[in-house]
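Here is a short briefing for modelling work.

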Amino acid sequence: MYPDLNNKIAVVTGAGSGLGEGIARRFLEEGMKVVVNYHSDRSKLGACDLAAEFNANSDKPQAVAVQADCSTEEGAAKLYQAAIDNFGDLDVWVNNAGIESRYETHELPLEVWDKTIQVNLTGVFLGSREALKHFIKKGKPGNIINMSSVHEKIPWPTFAAYTASKGGVKLFTQTIALEYASRNIRANCIAPGAIETPINAEKFADPAAREQTQSMIPADRIGKVNDISEAAAWLASDQSNYMTGQSLIIDGGMTLYPSFERGDG
Ligand code: BGC
């Protein structure tokens with residue numbers, strides 16, 4: 001537990017399911033107040049149930065579920081406004097929402113490329129901008145956490161738009177970390193490997209695909225949501241105060257060149 005997180009105010013995008021939902025839950029368990037963003041009907045229930053669960057334990061709402069497309073200016077502004085209207089301030093912004101889809105690059109439709117960049121990269125910029133504006137206006141410390149991926153580092157054939165977006169998230173995060181470090185604003189990435197969430201549920205439903213992915217992970221297991229949400233709590237807390245501009249890779253060793261495991265080469 002991180003006592004300094006109690007009563008801190010966060011926005012978590014894409015929190016209706018998967019990593020975002022897990023991070024929002026972990027924050028709420030710390031006593032944080034959270035804007036739980038969801039995008040579609042599919043993720044609405046996860047966000048609303050999470051908010052209801054935590055609001056039942058407190059007299060004042062601790063969580064608010066807010067529908068918004070965080071890849072648009074209006075959506076990002078709506079989430080910021082929800083933090084102000086419901087909780088009166090903002091301390092931590094987690095840009096988590098993301099999408100991925102598989103195409104050979106010579107057949108990748110422009111609309112899919114554009115949409116992937118819009119959600120995974122432009123959304124991170126727009127959320128960060130809302131948070132930065134607030135921290136600057138208030139002259140207060142701030143904390144931005146962006147969800148990248150091991151694919152900010154590992155090329156991933158047939159996922160070119162995804163890798164381009166995640167590489168972009170990494171350098172964008174480093175850039176704002178440098179730009180605002182002297183104003184006590186931190187920005188870091190979490191870079192997960194293969195974690196079981198709805199983004200890859202279809203793929204991992206196939207035992208052969210699952211086995212194949214697992215064989216690429218030295219720790220020999222697919223990650224769980226709490227492997228990531230624990231790191232998010234630490235990154236949000238003052239315990240990580242001296243860390244900025246970094247990517248915390250959490251991948252069971254996937255980025256350690258597993259094919260060299262037995263000393264071949
Ligand atoms: C993707 C997963 C994939 C993992 C490892 C993540 O960024 O979202 O679908 O299994 O990278 O390749």
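**Ligand site**

The model is a predicted one.

**Polar pairs at the ligand**

- Ser149 places a polar side-chain atom 2.7 Å from an oxygen atom of the ligand.
- His151 has a side-chain N or O atom 2.6 Å from an oxygen atom of the ligand.
- Tyr162 has a polar side-chain atom 2.7 Å from an oxygen atom of the ligand.
- Tyr162 is also one of the H5 residues in the contact between H4 and H5.

**Thr158 in its loop**

- Thr158 sits in the loop that runs between strand S5 (142–147) and helix H5 (160–180).
- Its side chain makes a polar contact with the side chain of Arg102, at 3.1 Å.
- Beyond its neighbours within four places in sequence, Thr158 touches Ser101, Arg102, Tyr103 and Glu104.

**H4 against H5**

- The axes of H4 and H5 lie 8 Å apart, and the packing angle is about 15°.
- Angles under 35 degrees count as roughly parallel, so H4 is roughly parallel to H5.
- The crossing of these two helices, H4 and H5, is right-handed.
- H4 brings Trp113, Thr116, Ile117, Asn120, Leu121, Val124, Phe125, Ser128, Leu132 and Ile136 to the contact.
- H5 brings Ala160, Ala161, Tyr162, Ala164, Ser165, Lys166, Gly168, Val169, Phe172, Ile176 and Tyr180.
- By class, the contact of H4 with H5 holds 15 nonpolar residues, five polar and one charged.

**H3 against H4**

- Helix H3 (residues 73–87) and helix H4 (residues 110–138) have axes that come within 8 Å and cross at roughly 40°.
- H3 and H4 are therefore oblique to each other.
- H3 passes H4 with a right-handed crossing.
- On the H3 side, the contact is made by Glu73, Ala76, Ala77, Tyr80 and Ile84.
- On the H4 side, Leu126, Gly127, Arg129, Glu130, His134 and Lys137 take part.
- The contact of H3 with H4 counts five nonpolar, two polar and four charged residues.

**H1 against H8**

- The axes of helix H1 (residues 18–29) and helix H8 (residues 225–236) cross at roughly 50° and come within 8 Å.
- H1 and H8 are therefore oblique to each other.
- The crossing of H1 past H8 is right-handed.
- H1 contributes Gly18, Leu19, Gly22, Ile23, Arg26 and Phe27 to the contact.
- H8 contributes Val225, Ile228, Ser229, Glu230, Ala232, Ala233 and Ala236.
- Eight nonpolar, three polar and two charged residues make up the contact of H1 with H8.

Terms used. Residues numbered from 1 in each chain as written. Predicted model: local features only at pLDDT ≥ 70, side-chain atom pairs only at ≥ 80, totals over all residues. Heavy atoms only, no water. Axes fitted to C-alpha atoms, helices over the stretch in contact; angles between N-to-C directions. Helix = DSSP H or I, 4+ residues; strand = E, 2+ residues; numbered from the N terminus. Parallel < 35°, antiparallel > 145°, perpendicular 65-115°, else oblique. Left-handed = near helix turned anticlockwise from the far one by under 90°. Contact = heavy atoms within 4.5 Å. Nonpolar A, V, L, I, M, F, W, Y, C, P; charged D, E, K, R; others polar. Polar contact = N/O pair within 3.5 Å; in protein donor to acceptor, adjacent residues only side chain to side chain.
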